[in-house]
Amino acid sequence: MTTNNMIVALDIGTSKVVCLVGEVTPEGTIEIVGVGTQPSSGLKRGVVVNIEATVNSIQRAIEEAELMAGCKIGGVTVGIAGSHISSLNSHGIVAVKDREVTDHDLERVIDAARAVAIPADQQILHILPQEYLIDNQEGIKEPLGMSGVRLEAKVHLVTGASNAIQNIEKCVRRCGLDVDAVVLEQLASSYSVLTDDEKDLGVCIVDIGGGTTDIAVFTGGSIRHTAVIPVAGDQVTSDLAMALRTPTQHAEKIKVKYACALAQLASADETIKVPSVGDRPPRDLSRQALAEVVEPRYDELFTLVQSELRRSGFEDLVAAGIVLTGGTAKMEGAVELAEEIFHMPVRLARPQGIRGMEEQLSNPIYATAIGLLHYAKLDLGPVKPITELEDFIDTGHEQAGSGGLFVRFKDWLQGNF
């Protein structure tokens, strides 16, 4: 966007592509001015497998958002997921030059922390500081200006396959857009659904999408562990299609409308019509029988998450429990089943921190896209209020089209004064 306070998020998921255009107000809130959503094709488990199909999906979502926002999108903040993502904790140590920590010292210590061996086909996506130590004084979050002779940084490094990242960027650029940043999806989601208290106390966010389940663990206010599990909503749809002998698109509709993740919550008396393959007549099925197909897959998914949490060593440190988000987490019974498996508090989170269209966007399927806006806002820095008329005219509204009101008004001003 040419306007200084416009930000654009692009969530390229396995099942949908979401584009959100937000305007950062002088008060620091994000006002949604454009939304574009399209079914996704060309991705499998978060990774691009067909560039042409992915480009078409992105293009349609972008055009829809541009139409609603009345402006031309130039650059976007993009989310990335997939089982190629890996992470590790690292730390670096440097001597403080002038006995007072400067920006240069912070850059040097982060460079020292990132100097770890990673596979040749991987590249670093994020270097996320957890805490700093000055002369063995722990728990420092903002070391700038503090006195000391030795500075240490503990960081969380997130890496991804270079080719997967390049393919995402290539698809975005093929649509005529710049990539402002590529952001890990569960990190983005955490900006929109987690509170500071939860991050301090210890929490695990589980973002269940169509192709992947993304996990991030926070303790002491910082990210400690990230992981991706290649089991998610598409596997549930596939199970239903096989078990009910119905086409995949019908299985998806049945899953969204009638499925339940806990069989004991579903009624045996309630029946649904299941379309058959070919010209065979539809069959009747009880909702409980449907839940008996769905429950084992959710059970498997939550057990895999629990195993990952146990393997990370943080299972006993997430006092605030589990936060579920993402489209697949919305299913009835998912929270109750998760509580049975994890034996800790579980809540379904809806994205927060936006103005405009809250009713439509207060939905777990938009958690990543809204989180990407929050991430982009942090990169944007403080927003200055528009004070002068000429500033207001130059805020980029001319990109809405050559016949726009602002363009004509500006032309008139230049022609008459």
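**View A. Arginine 355 is partly exposed, with a relative accessible area of 35%.** The structure is a predicted model, in which local features need pLDDT of at least 70 and side-chain atom pairs count only at pLDDT 80 or more, while totals for chains, interfaces and linings use all residues. Residues are numbered from 1 along each chain as its sequence is written, and side-chain values use heavy atoms, with hydrogens and water left out. Buried means under 20% relative accessible area, exposed means over 50%, and partly exposed lies in between (1.4 Å probe, protein chains only). Arginine 355 forms a salt bridge with glutamate 31, and the closest N and O atoms are 2.8 Å apart. This pair links distant parts of the chain, for arginine 355 belongs to strand β19 (residues 354-355) and glutamate 31 to strand β3 (residues 30-39), 324 residues apart. Helices (H or I, at least four residues) and strands (E, at least two) are DSSP runs, numbered from the N terminus. Glutamate 31 is also partly exposed, at 29% relative accessible area. Side chains of opposite charge can pair when their charged atoms come close. A salt bridge is counted when a side-chain nitrogen of Lys or Arg lies within 4 Å of a carboxyl oxygen of Asp or Glu. By this rule there are 17 salt bridges.

**View B. Arginine 287 forms a salt bridge with glutamate 270, with 3.8 Å between the closest N and O atoms.** Arginine 287 lies in helix α8 (residues 287-312) and glutamate 270 in the loop between α7 and β15 (271-274), so the pair ties together parts that are 17 residues apart in sequence. Arginine 287 is buried, with a relative accessible area of 10%, whereas glutamate 270 is partly exposed at 35%. A salt bridge also joins the side chains of arginine 287 and glutamate 332, at 2.8 Å from N to O. Here the linked parts are 45 residues apart: arginine 287 in helix α8, and glutamate 332 in the loop between β17 (322-325) and α9 (334-342). Glutamate 332 is partly exposed, with 38% relative accessibility.

**View C. Asp239, Arg297 and Glu300 are linked in a network of salt bridges.**

View D. A disulfide is a covalent bond between the sulfur atoms of two cysteines. It is counted for a pair of cysteine sulfur atoms within 2.5 Å, and by this rule the count is zero. The closest cysteine sulfur to that of cysteine 19 belongs to cysteine 71 and is 9.3 Å away, too far for a bond. Cysteine 171 is in no disulfide either, as the nearest cysteine sulfur, in cysteine 175, is 7.5 Å away.

**View E. Five strands form an open sheet with mixed pairing, in the order β14-β13-β12-β17-β18.** The edge strands, β14 (222-229) and β18 (346-348), each pair on one side only. Neighbouring strands of this sheet are turned by 20 degrees against each other on average, direction ignored. Strands of a sheet pair through backbone hydrogen bonds, either parallel or antiparallel. Two strands count as paired if DSSP finds at least two bridges between them. Strand β13 (residues 213-219) and β14 pair in the antiparallel sense over seven bridges. Threonine 219 stands opposite serine 222 in β14.

**View F. Helix α4 (residues 185-193) lies across β12 (203-208), β13, β14, β17 and β18.** The helix runs at about 115 degrees to β12. Helix α9 lies across β17 and β18, at about 160 degrees to β18. Contact means heavy atoms within 4.5 Å. Axes are lines fitted to C-alpha atoms, for helices over the stretch in contact, and angles run from 0 to 180 degrees between N-to-C directions.

**View G. Aspartate 135 has a phi near 50 degrees, a positive value in a residue other than glycine.** This aspartate is found in the loop between β8 (122-134) and β9 (137-140). At 36% relative accessibility, aspartate 135 is partly exposed.

**View H. Arginine 245 has a positive phi, near 50 degrees, and is a residue other than glycine.** Its place is in the loop between α6 (233-244) and α7 (248-258). With a relative accessible area of 62%, arginine 245 is exposed.
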